[in-house]
Amino acid sequence: MAMRYEPVLLKGIGEADLRDIRVYRERGGYKQLERAFRELSSAQVLDLANASGLRGRGGAGFPTGRKWQFLPANGAPRYMVCNCDEAEPGTFKDHTLLEETPHLVLEGILIGAYGIGCHHAFIYIRGEFKRGYEIMRRAVDDARAAGFIGKNLFGTGYDLEFTIHRGAGAYICGEETALLNSLEGKRGEPRLKPPFPAVEGLYKAPTVVNNVETLAYLVPILERGAEWFAGVGTERSKGFKIVSVSGHVRKPGNYEVPLGVSVNELIELAGGPREGRKVVAVQPGGGSSAAIFEEHFDLPYDYESMTKAGSMLGSGAMVVFDDTTDFVKAAHSLVRFFAHESCGQCTPCREGGHWLERTLARLVAGYGLQSDIDVLESVSHQMTGLNLCALGDSIEPFLASVVKRFRPQFEARVRRNGAS
Ligand SMILES: Cc1cc2nc3c(=O)[nH]c(=O)nc-3n(C[C@H](O)[C@H](O)[C@H](O)COP(=O)(O)O)c2cc1C
Ligand code: SF4
């Protein structure tokens, strides 16, 4: 079946064993790394990242080149850390890249490391991704043997080391400063910012943390040019995005599209709703994002439009809900996840998460009080913006959006004599 959009990062997956370094190289792999080292300065790689308009694909959508420019220009030792923790509910693109095309991921990290002028790069892999971890270990061994990691790369005198670290299975370790603590062997808890990692990151040295997909896009950007990437997408959301579409669609999976296709088109690419069913809500940016509704489905899927609709594009995970959804249960399940994953440092996140979870559990069981619904709304609004990291702010958006839209579903769970 012909694909509607030409895949970029997902190209070749399912056709060839891209885990084999020979296959990857036969298809042009590692040529851009060599070109970067032989023909471009670090500053030129950074210029390309800037000119492409590439924004971080890990959640916040921060411009990648600009993030690199926050590093001090004094040549002090610095680190590049690739974030492959990927535990956001609904997101499953990074581990696909890791398992299916590890050399592309590695080539992107090494190019990014060169772009910031660092000599030691890391990848932090989620604890549960054992298979991906083993695949990456082999990829690193093969790349080292081929001369792409180590001393005096391509005879240029540039040394670049690489370390793989496997986490222990905590969602919070995807937050960049918790990740750095975990990488240092400490408890995986977010740090107080500032200082930001670009000033004081891993081992107190300036550090860039970038997502797997972000760094992988550096390879086609070098190959096909920054203008090619910047020419795709919308005015402020450039290039391509892998969107993990799941939930009530017939063909859940990863779909790589130019930013700016409509939400409806993404639902359709994923096979559309189930027979006889109607989509009533979508989470456009993973578990942390508020739901959007039918009146938003014609909007372009880009950073600006999703924000304007009251949600966010986040990590690019679209969770689709049809008219069979029990939104009380859906909200409970998500809040339970966040409450469980809270590291406990901040009171609103630690206490608020558990209160919301317990209140929702009562409603799910049909023992809720009428006042519970108002409490859900007021507690959730008191939790945002008061925490050390964005996890505490992620508990509320989906819950608040579905309580507002589907309030009768919540009211129906109030026990019959529970008037107060
Ligand atoms: C609770 C929490 C979990 C996160 N998990 C991830 C993750 O699994 N992968 C990721 O790339 N970014 C994650 N982030 C965002 C990172 O902190 C960081 O912004 C990102 O890695 C930067 O990469 P980018 O600029 O390439 O997007 C998370 C943030 C929070 C608050
Ligand atoms: S917001 Fe939650 S997860 Fe983040 S630092 Fe505070 S307690 Fe920990």
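A residue is counted as buried if 20 or more other C-beta atoms lie within 10 Å of its own, as exposed if 12 or fewer do, and as partly exposed in between, with C-beta atoms placed from the backbone. The structure is a predicted model, in which local features need pLDDT of at least 70 and side-chain atom pairs count only at pLDDT 80 or more, while totals for chains, interfaces and linings use all residues. Residues are numbered from 1 along each chain as its sequence is written, and chains are lettered from A and ligands numbered from 1 in the order in which they are written.

By the burial criterion, five of the six residues of strand E2 (residues 120-125) are buried, so E2 is largely enclosed by the rest of the structure. Helices (H or I, at least four residues) and strands (E, at least two) are DSSP runs, numbered from the N terminus, and two strands are said to pair if DSSP finds at least two bridges between them. Strand E2 has a parallel pairing with strand E1 (residues 79-84) over five bridges, in which Val81 stands opposite Phe122 of E2. A further parallel pairing, over six bridges, links E2 to strand E4 (residues 158-166), and here Ala121 stands opposite Phe162 in E4.

The domain assignment of the protein chain, whose bounds come from an automatic or database assignment, gives domain 1 (21-230), domain 2 (240-322) and domain 3 (327-411). The C-alpha centres of domain 1 and domain 3 lie 34 Å apart. Eight residues from domain 1 and nine residues from domain 3 take part in the contact between them, two residues being in contact if their C-beta atoms, placed from the backbone, lie within 7 Å. On the side of domain 1 that touches domain 3 there are six nonpolar, no polar and two charged residues; in this classification Ala, Val, Leu, Ile, Met, Phe, Trp, Tyr, Cys and Pro count as nonpolar, Asp, Glu, Lys and Arg as charged, and the others, Gly among them, as polar.

An open sheet of five strands, with mixed pairing, has the order E7-E6-E10-E8-E9. Strand E7 (253-258) and strand E9 (292-293) stand at its edges with a single partner strand each, so one side of each is left without a neighbour in the sheet. Strands E6 and E7 run antiparallel and are joined by six bridges, with Tyr255 of E7 as the bridge partner of Val243. Strand E10 (residues 317-322) is mostly covered, since five of its six residues are buried. With strand E6 (residues 240-247), E10 pairs in the parallel sense over four bridges, and Ser246 stands opposite Val319 of E10. With strand E8 (residues 279-283), the pairing of E10 is antiparallel, again over four bridges, and Ala281 stands opposite Phe321 of E10. In the loop between E9 and helix H13 (303-308) lies Glu295, which is exposed, with 8 other C-beta atoms within 10 Å. Glu295 and Ala309 are 14 residues apart in sequence, and their C-alpha atoms are 9.4 Å apart in space.

When neighbours within four places in sequence are left aside, Ala331 is in contact with Leu360, Phe398, Leu399 and Val402. Helix H18 (residues 396-405) has seven of its 10 residues buried, so this helix is largely enclosed by the rest of the structure; the buried residues of H18 include Phe398, Leu399 and Val402.

Two ligands are considered, and a residue is taken as near a molecule if its C-beta atom, placed from the backbone, lies within 6 Å of it. Around ligand 1 there are 24 residues, of which Gly56, Gly58, Gly174, Asn211 and Thr214 come nearest. The shell around ligand 1 draws at least three residues from each of domain 1 and domain 3, and its largest share, three residues, comes from strand E5 (residues 207-211). By class, this shell divides into nine nonpolar, eight polar and seven charged residues. Ligand 2 is surrounded by 14 residues, the closest being Cys346, Cys349, Asn387, Cys389 and Gly392. Helix H15 (347-364) and helix H17 (391-394) are the elements that give two or more residues to the shell around ligand 2, which has eight nonpolar, five polar and one charged residues.
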